[in-house]
Structures are given as C-alpha cells and as structure tokens.
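Please look over the model below. My notes follow as numbered points.

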Amino acid sequence: MKISFEKKIFLGFIINLFAVIALSWVFVLLFDRQRELTLDKKLNWIALSLFVLSIILFSFVYYIIRAQLHVKNAFQNLLFEDKQLLESVFDNTSNPIFIKKINGEYLLINKQCESLFQISSEEIKGKTDHDFLPKKLADAYRNSDLEVVKALRELKTEETIHLPDGSHTYIAIKFPLYDLAGRIYAIGGISTDITERKKLEETFKAADKLFYMSLDIMVIMSEDKFVKINPALSNLLGYSEEELLSQPFLTYVHPKDHVITQKEIVKLQMGILTIKFENRWICKDGSIKSLVWSASPDLSTGLIYAVAHDVTLQKEIESSLVVAQKFFNMSYDMLVVSKGEYFEKVNPAFTRNLGYDQKDMDGKPFLSIAHPDDANAYIDAINKLKKGESMVNHRARARCKDGSYKWLDWSSTIDIQTGIMYAVARDVTEIVENEGSLKMSEKFFNMSYDILVVAKGEYFEKVNPAFTRNLGYDQKDMDGKPFLSIAHPDDANAYIDAINKLKKGESMVNHRARARCKDESYKWLDWSSTVDIKTGIMYAVARDVTEIVENEGSLKMSEKFFNMSYDMLVVAKGEYFEKVNPAFTRNLGYDQKDMDGKPFLSIAHPDDANAYIDAINKLKKGESMVNHKARARCKDESYKWLDWSSTVDIKTGIMYAVARDVTEIVENEGSLKMADKFFNLAFDILTVAKEEHFIKINPAFTKTLGYDEKDLDKIKFTDLTHPDDKGVANEMFAKLLEGEPVVNFRDRVLCKDGTYKWLDWHSNFDLQHGVLYSVVRDISEQIKLEEEQQTVTKELYENEEKLRLILENLSEGVIVANADKKIVLVNDMANEFFGIREDDKISPNIIDHFEIYYPDEKTIFPSQNLPMDRALKGESTDDIDVVLLDPATKEKKRILISGRPLADQNNNVIAFVLTIKDISKYKQLEAELKETESKYRQLIGFKKADDKEV
C-alpha cells in the first residue's frame, strides 16, 4: 500500500512522541527513590534504546522531508520549464490565441492577437470586446462566448475581421477552461486565418463550374483512361459519363486513328504540348465525329489536361465545297454569289458570256451591269428575296464588258442567316429579240403593277389584271361600262373634266379621284391619260394612292414631330444617312449637310463599330425592331452614349432609327445596378410609394407580407394599417408630408393571408417628387418577446416581492451569493447579524467577519467545512453548530449554519444559499436552566447512582 507524504510525517511524529513519552517515564522512574535498584540497568538500556530510536526517527523524518523538498523543487523547475515552453509556443504561433473570463474580461492574449486587435496584452487585461471593438462585432464575439458557456464544450465558428489589407476569414475554436473543482472559470480561443483557403475554394468552384458549362470538350486523363470529363463529351458521343470513365479511351477512338493517338500520348508523357491534333471518335449511334485537340501534360501527376472541339461539320462543309467548286467552274450557266447587292464570286461561264473576270466584279454592285431600264427588275428581285421568297425568277438586260447588252434569265435564292445570295443566269438575248412586240406589250400589260385601261370614247374596252386586283372587277364586268359607272358621286366632275381635256387635244391629263370597288368600298386613284386622236382610243394608267391620301395628314404631322422631337431621328438608306432631325444636330453637332451620304460607321466609336454592324445585319435579316446601345462621335470629337431603336422598310430598304442620349445614365449604370442588387438582396423590407400606392417593393416585402408586384395596383398602403394603429399612422404621415423624417415608428400591417405583423418603419418623403421611401423591419417576434418579457418581468417582480416579504419576516439571516461569492441577496436579519447595512459589504465567507470555533469555544472550526465551501462543491449541509467571535468587540455568538447549492440545468453550481440562526440566547437559557436544576438538586440532596453525597 502506498503511504502519502503527510501520513509518513504523521506516523513518524506519533512514534517519536511515544518514544519521548516512554523516555520521560523511564527518567521519572529513575528519579523515584522507592524504585527497585535492580531495574536501573534495564531502565538505562531502555532509555538508551528509546533515545537511539528517537534519533533514528528524527533522521528518518528529516530524510523524508528532504526527499520531498527535492521532489518539490524538481517539479517546480519542471513546471517553470513547461511554463517557459508554453509561453514560447503561445507567443510564437501564427494563430491568434486568447483567454478571457466568463464575464468577457480578457486574461491573456498572445502576440499574434496583439497584432490583430492592435492592443497589448497588458492593456487588454480586464477589458471586454466592447471596450475596443465595434458594437456589432463585439456582440457577435460575446454571443459565441456565451454559447461555449452554455454548451460546456468546444465550439467552432467562422468569423470575418476587417484588417488594413482587407477582410480576413478566421476559423475560431473556443473551449471552456475548468478550475480544480471542475467549474468553468474562463474561455480559451484559437483562431486560424483561412482567407487564402476560402479564396482558393471559390476559385476551384468557379473553375469547376466553367469546366461543366463549357461548350468545348474538356477532359482530364491518364495515359489510357479518362479521369474526369465535362458533359460536352457525353453529349457529343452519346455515351454516359460512367461508360466513358470505365473503359480505356482508345475504345471510343476510330481503329484507324489508334496509332497516331498513342504516338501523341507518348509525346505528352515526354512533356511536349499538343496543339490541333485531330482524330476520329465512334459515337454510340455508330456515327463518326472528328475532334481537334489541344493538350498539356502535368509530369508531376502523370495527368493530361485536354480541350477539344467538334470539326465534323466543318470537314463535311469543306468536302462539299470542293465538289461545289468543281461544278461551279464547269457549268455552262452563269453562276453568281453575292453579299447584299454586291458581287462576291462569278464562274468562268460569266466571263465567257459578259467578258468580266473575277477581278472585274469584286465588290461591284449588281446594278453596275444592269440596263438602266431594267434596274428595277434587279431591285425587285433582290427585295423579294429579302422578304423571304425562296426562289425569284426575272429577266433583265446586262451590260457586257464591250458595252453591248445581253438579255439574261435569272433564277435567284438567298441564305437568310448569312445574307448571301446565289443566282443562276442564262443568255436569252436571241430569244428575246425574236419575240413579237405585241407579245411583249401584252406581257407588260398583264404584269404591270399599275392599273392599265383601254377605252373608246367614255366606255371601257380592256382592263389589265392589276385593275381586277385593285378594284375587284374583271374584264367581263367592265366590257362596255362607262367610266362614270365607277366614279364616286363627288368626283364625277373630275373624270368628266379629264375626258373633256383629252377631247380638246391635251396630250396628257393627270387627275386624282375616287373609284368604287366591286365590294362597294372606294379607293383613291391617280390617273394619267392620253388619247390617240386618229382612232379615238384612250389609254389610261392608274395607281392606288388610297394609303398615300389617307396618310398625307399624318405625314405633315410626322414632319412637325420629326423637327420638334427631343429624340434624335434618323432616316438612312442601306448604311448611309439620308435625313437627320434638329435634335441630332443639338446632341452631336452635325447638321443635314454634314451627314448627307455619310455612312453610319463614320460616327461610331471604334470599339462599338460591331454593335452598329450587328444591328444593321439584324434588320437586313428581317428583324422588325433592333435595339442597341453604342457610342457616337460628336462633331467636337467627344463621344456620347446613344440608345438606338431601329426598324427597316423591307420594300424600300429605308431604315428609320430613333436615338436618345444616355451618356449620364450609362455612367451611372454601375451605381444603379449595385443599388438595385442591394435593393433585391436586402433582408429588410424596402419600399417606394407614391399617392398612397406602392410603386416598387423588394423581395423581402413579398417574403414578409405575401404581396407581390401584381398586387401593388390593387392596394393602398394606408389600407394595410391595423385599425387600432391608424390614428398614430396618420400623425406620422402628416409629419412626413411636412418634410420631417420618421424613425422607429411601429405599427401593425395586414398580410396577404389575413394575419397582422408588427413592422418598424424608417421613412423619408421626397417633397419635390412626392415619393415616399421606407426601410422596414419585421419586429413581430421582437414584440412577442417583449410582451413575454414584460409578463415574465411582472411575474418575476411579483415573485421577488413575495420572496422579499418572506425573507424579511424570517427569524433567520439569509444570504444568497453566486459562484464567484458575490452577494446577490441579503435579508434584514442577516444585515442585523453582521451589523452591516450595505449588502455589498457583506462577505458570504463568514471567516472574513468572525473567528469560528467549535462549541467548546477553543478548537478552531476548519473553513473548508463551512456550508459555503461545501455548497460550492454541490453538498447540502444542515445546522452546523459553531461559535463566532467578533475580533473587534470580543462578543461571542452561538449559531446554526445551513447551506444549499443552486444548480443550472446542466447540474453546475451557479449560486448558493446560507441560513444563519442565532441560538446564543437559547444556549444561555439552557445553561441557566441547568444551573437552576443543579441548585435544586443540592437543596433536596438528590443523588445519582454513581454520585457521592452532595
């Protein structure tokens, strides 16, 4: 059995005490004159033995004490070394470390923490986070500290700290520290800077996202297998990701490309980069895809990083182009490729027929070879193609290089996406020259877009199809009908006047009048008429101008608006300016003369030229309206941002554009986007209101109250206020209308589901624009907690009052103190007992006020056995009988002390209660009673069985 140091000393002391007593007894016997002299020799030996034993015991105790002191010094040295080591590690670690009390006061921080908080270890002692940190950050730190105290275990939190070089993210590990009694007395914390790790994580996430979103094929592979692939490869080949990763990649490579692929892998393993390596891959459906690869090896890991794109379609197109080129050159017909209205490519047959070679035609417009009389035929054909007709045929004359003309039959088509036109032409000069003039006339008569009429006297004889298309009457309807049969009653005189003028010999008469259609409607026609005097046959041409007549008023109005508009208005033909309005001059400085015939790109910022080109191309492709934003150069060489809206008249090719100067808006766009982003991301409700209606709300409004943007027109914000709060709300609104901002105004607001929520309003009213801006926070839970707190506070107050009345009426002194031995509650009896009226001057540790003895009034009572210390250890005590001596007055009191621990839900002692009962008077009465009883016994001569007679 192992004997402790204290027991060894105590045992040696007892044995030595017995030895000394025995030695003293021997000496007493030696001095006794009536002793037996024969015992002297034995007594001398006994005395000597006892003396030697005492010396041995003293030596034994000495060496034990010396050994224990040596061990103690060794432990102290070891403890000092450990402390030095701990301090060295503590101050030289790169992690901030701190230790603080439960109440938040710092006890110790290391050098890294000093650098972080810009405060020394000595300065920070006794301070809390609120003494040197912003309130919001300090509250957050304090809350996490309290979580550790509540949980009584290590907790990890992520914290962001703003330092001079930017925000840093830390992982903070906080843990409780316990004293020898197992009570938490402090909180330790170690923080690790993970800022770079967080940045790397975000970079990896972005890279991974791009990897999976890429339209190009991206793979990571070893020498024979894929390690990682993006969806583009699976989508192209048709195999699932699992199938592609589970098999060697050569499984999917075309067998004829295995060797070149393996050679390329060997090069990569040697560290040589691969650029534009092409091989074929077999798809799941059996088709073949050609891929072009660029790859880079990582020799340290043996992995290969590769990017590929599909060139199958490109190769097919290249093959088709070779075949097409052969036919293009061999054809007997003239083949032409053009972009817009300009030649791009002609075949040898074109050169043979017209004399122009490829160089002659590069960039030449179609109309450059058109006969002046046939220019419209070319234009009409081009316009029909632009309108979407798949095939257009026309016949027209083309000028040869030698200046002669040839008739060509054209068949044309257009690729809408690219705007490229393909045309085939055949020389039909001989055929055309041999056709009869009558046939030609008849053809033109029937083909004419204009209404053609032949009349004899005042009666119709012949009408062309255009007449039928426009007015509805065919040839049978009009045979022998008089001119005036189709005249509007109000316009009959116009027809009569025209006929009379012709009869009088005028060669050409023009007039405008209404004609009745077969469906009884009327159309305005512009007539040009002539008469053959010899035959009396009248020839008339008419054109439907109903739309022109109806729009004449509108056109005048449009011209006024064109000149008055604040917006810049532009009319262009092709890519060239034709007309600009005064607003254009005011904004950019150019007038009409400056812009006549100027191309659009002449005012474009070099970086924005593509934006103008894209817009024009979209219009050419048939988009009805194109919007774009780009910079335009002003006459003073500065640039302005313009917002363009453009459209095109497909028939005429005229482009109409409206532009507005948005320079200021563009320059402020960044701020507006940021503000809008914060508006939508805000946790608080943000509203903009005008004339009792919300005109803008953020998502937090919908999330909190349930109303969305569609509900805004249906509700007034004043109707949402709870009836009981409307009076106060109206007062606040009146203040806002006077220009006084409202802060922390609370009222209840009706939600879409019929419930009410408490909101806290911060509002400001823009008097100039009549707009109300508000920041609102949902405080329903806070109000609920406040109401609960009021209820609890009220109950607590009532309970405290009850407790106070009970305590004040107790005949015992009561002291309540916390785990730090600080007084929480003292009743009047306790004040009276200690003779101190101020509660905070009373110590629950009674030895601070009195000397404490056992009831024998001689033996000191050990302080560790007092109820206070035992209560802090979780023990309950009842009626400990002690005597208190006041050192100042020497007054004694006999008391009974009891103690009870108070524990939290985790069974940790957080406070204790002491009760003190003064029994001095009772003990005095008890002594007087015994004394009285003793006197009575003496008087009556009472004896006990073992007493002598008194």
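Which residue in S25 is the bridge partner of Met568?

1. It is Ala659. Strands S21 (residues 568-573) and S25 (residues 654-661) pair in the antiparallel sense over six bridges. Pairing requires that DSSP finds at least two bridges between two strands. Strands are DSSP runs of E, at least two residues; helices are runs of H or I, at least four; both are numbered from the N terminus.

2. This is a predicted model: local features need pLDDT of at least 70, side-chain atom pairs count only at pLDDT 80 or more, and totals for chains, interfaces and linings use all residues. Residues are numbered from 1 along each chain as its sequence is written, and side-chain values use heavy atoms, with hydrogens and water left out.

3. S25 also pairs with S24 (residues 639-649), antiparallel, through eight bridges. Leu642 stands opposite Asp661 in S25. S24 and S25 form a hairpin with four residues between them. Gly653, in the turn, has a positive phi of about 75°.

4. Asp869 sits in helix H28 (residues 867-872). Asp869 is buried yet has no salt bridge. Buried means under 20% relative accessible area, exposed over 50%, partly exposed in between (1.4 Å probe, protein chains only). A salt bridge needs a side-chain nitrogen of Lys or Arg within 4 Å of a carboxyl oxygen of Asp or Glu. The nearest side chain of opposite charge, Lys821, is 4.1 Å away.

5. Ser234 belongs to helix H7 (residues 231-237). Ser234 counts as buried because its relative accessible area is 13%.

6. Val52 lies in helix H2 (residues 40-92). Val52 is partly exposed, at 40% relative accessibility.

Definitions and conventions: Lys and Arg count as positive and Asp and Glu as negative; His and the chain ends are not counted.
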